Protein chains: 2
Amino acid sequence: MTHTKKALGIDIGGTKICYGIVDGNGNILSEIKKTSTPKTAQEIFNTLKNIIEENYKDIDVIGLSSAGAVNLENTRVVSSTPNLPSGYNDIDFSTLSDKKVYVENDANCAVVAEAVMGAGKGYHTVLMATIGTGIGGGVFSDGQLFRGSKGNALEVGSMKIFADKRQKCTCGRYDCWESYASGTGLKNCAITGAQNYEEFKTSIYKDKKPQDITTYDITDGVEKNDAFCIRVFEQWLYYMFVGLVSLTDIFNPDCIVISGGMCKFIDVQKMEDNINKESVVTNVKVKIAQTENLAGMIGASILALKQLN
Amino acid sequence: MTHTKKALGIDIGGTKICYGIVDGNGNILSEIKKTSTPKTAQEIFNTLKNIIEENYKDIDVIGLSSAGAVNLENTRVVSSTPNLPSGYNDIDFSTLSDKKVYVENDANCAVVAEAVMGAGKGYHTVLMATIGTGIGGGVFSDGQLFRGSKGNALEVGSMKIFADKRQKCTCGRYDCWESYASGTGLKNCAITGAQNYEEFKTSIYKDKKPQDITTYDITDGVEKNDAFCIRVFEQWLYYMFVGLVSLTDIFNPDCIVISGGMCKFIDVQKMEDNINKESVVTNVKVKIAQTENLAGMIGASILALKQLN
């Protein structure tokens, strides 16, 4: 009888730490438990240590999913993490247990979860784009996560979609894809549209200050058939399309998985058709992510278990 | 005594077939030989077969470098190859010998050669950008070539650097990076510049039709301190910079290797400084390729030898 190796997957979020036991196929084998994220780095360390001890006898390895860039050794978080306490970057996660502890960035964990057991299951090269306030990404190809030289690859939100310093991004740079095609991008499209589109004069939002128009206002206005909102929304979709076509030509994925708060507004079949018409490297499927809140726990577990082979 | 495995590396070009025996570190162990590329696919097949027979007893594996996209099994060229005869795509290269034959796209072979024994030697993640009439690319990271789902990844020349259908590319699409930052791109910058820059009126080329200004005219004009040419050239360099910054954020390379006919015009130290100021994932080195005409032969050999392990 073969022993199936098991990981303890732990997702460290800004408000909750969520954990469970997961096998190499991404199946969750235990109840999923949650606890509030403590306020200091030392308390986070202690909480993780207790969670590991509680499950120690049932697991072979520990996988952690965290916000922030992770070092190439997968032992530390090295970039700033606004929702986690100062001192968090000083934690050497490998000292949490005598069993192997493997930490990975949450966006990378998510693409692994989607590629192994979510929307990208069965595809060779899965590109994930997470469309929220900003845009994040990940690529899992031929069974491997693409990490780059320092583990910081797939900062796709910073890809430039204009080359004439047209629009400043919240990061201080110009023309980042996420300043056009994220949730923030949709607001920016509304602001620019209010200045340039005739339709604004007859819009349901004509009396609102353009900078006060929310993403909700626009998507709601589209439902209500407001011509201004439709034009803004179509522009936003076009910006998303431009970035996804470039990434398709760059990575030659056979599946693009879209996740994040804005993904429910995207007609993936139409996006897929448009990408396949434009890209030089057809054919790609476009799908919505399936693993949602469990993506971090599952992806971290799969990656940790890979280390044992 | 360990036996060092050897490959026969063959570079199939539109005019010449070039070959030699190469080890896994990219060292060339034999004289490099050349022969004219025959005019039919059948003759190319026969020529390759003869070259392999001639070297059969000295080699363990055969690596071929070819223009065109290669299938995921590395046995056939599947895209159009304008400089090679019709029927070329019908060749199953694996039938050339009872020893393993491995074919790879020339751009991919080049990045492997540069990463293993050229300008990118010793770096973790090497991004190569070949700036010629168009722009090609490749990524070699953590000892692996990134190929994508069908082997067509790194079509970086098709990455869009504008999102408003500003300039048509020779491929028929709009705003491809290569229509702004390749040799063709430099000509396009001159045409646009002639329409928009005051400096054209006093340029040494003021009496030339803008579409007749060549890349040589511009680089020569820069040498002669012509204000128009300098402005056109600086714009071209900026477009190149925009694409390279996006690719840096996407791949997190620690080394970018630039090759191709236009690379001699680029101040790589200045480009490196500018990329490191702008990218969200510092620090990258920018270097000029070193393996030049031997890149295909060397890279194909290294890849073929990797198959034996």
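**Close-up views of a predicted two-chain model**

**View 1**

View 2. Helix H7 (residues 268-278) of chain B lies across E9 and E10 of chain B. H7(B) runs at about 155° to E10(B).

**View 3. The open sheet of chain B.** Five strands of chain B make up an open, mixed sheet, in the order E8-E7-E6-E9-E10. Strands E8 (144-145) and E10 (285-288) of chain B stand at the edges; each has a single partner strand, so one side of each has no neighbour in the sheet.

**View 4. Strands E6 and E9 of chain B.** E6 (residues 125-131) and E9 (residues 255-259) of chain B run parallel and are joined by five bridges. Met128(B) has Val257(B) of E9(B) as its bridge partner.

**View 5. Helices H6 and H7 of chain A.** H6(A) packs against H7 (residues 268-278) of chain A at an angle of about 55°, and their axes are 10 Å apart. H6(A) is therefore oblique to H7(A). Their crossing is right-handed. H6(A) contributes Phe241(A), Leu244(A), Val245(A) and Thr248(A) to the contact, while H7(A) contributes Met271(A), Asn274(A), Ile275(A) and Glu278(A). Of these residues, five are nonpolar, two polar and one charged.

**View 6. The contact between chains A and B.** Chain A supplies 33 residues to this contact and chain B supplies 33 residues. On the chain A side, helix H6 (residues 227-251) gives the most, with eight residues. That side of chain A has 17 nonpolar, nine polar and seven charged residues.

How values were computed. Residues numbered from 1 in each chain as written. Chains lettered and ligands numbered in written order. Predicted model: local features only at pLDDT ≥ 70, side-chain atom pairs only at ≥ 80, totals over all residues. Contact = placed C-beta atoms within 7 Å. Helix = DSSP H or I, 4+ residues; strand = E, 2+ residues; numbered from the N terminus. Nonpolar A, V, L, I, M, F, W, Y, C, P; charged D, E, K, R; others polar. Axes fitted to C-alpha atoms, helices over the stretch in contact; angles between N-to-C directions. Parallel < 35°, antiparallel > 145°, perpendicular 65-115°, else oblique. Left-handed = near helix turned anticlockwise from the far one by under 90°. Pairing = 2+ DSSP bridges.
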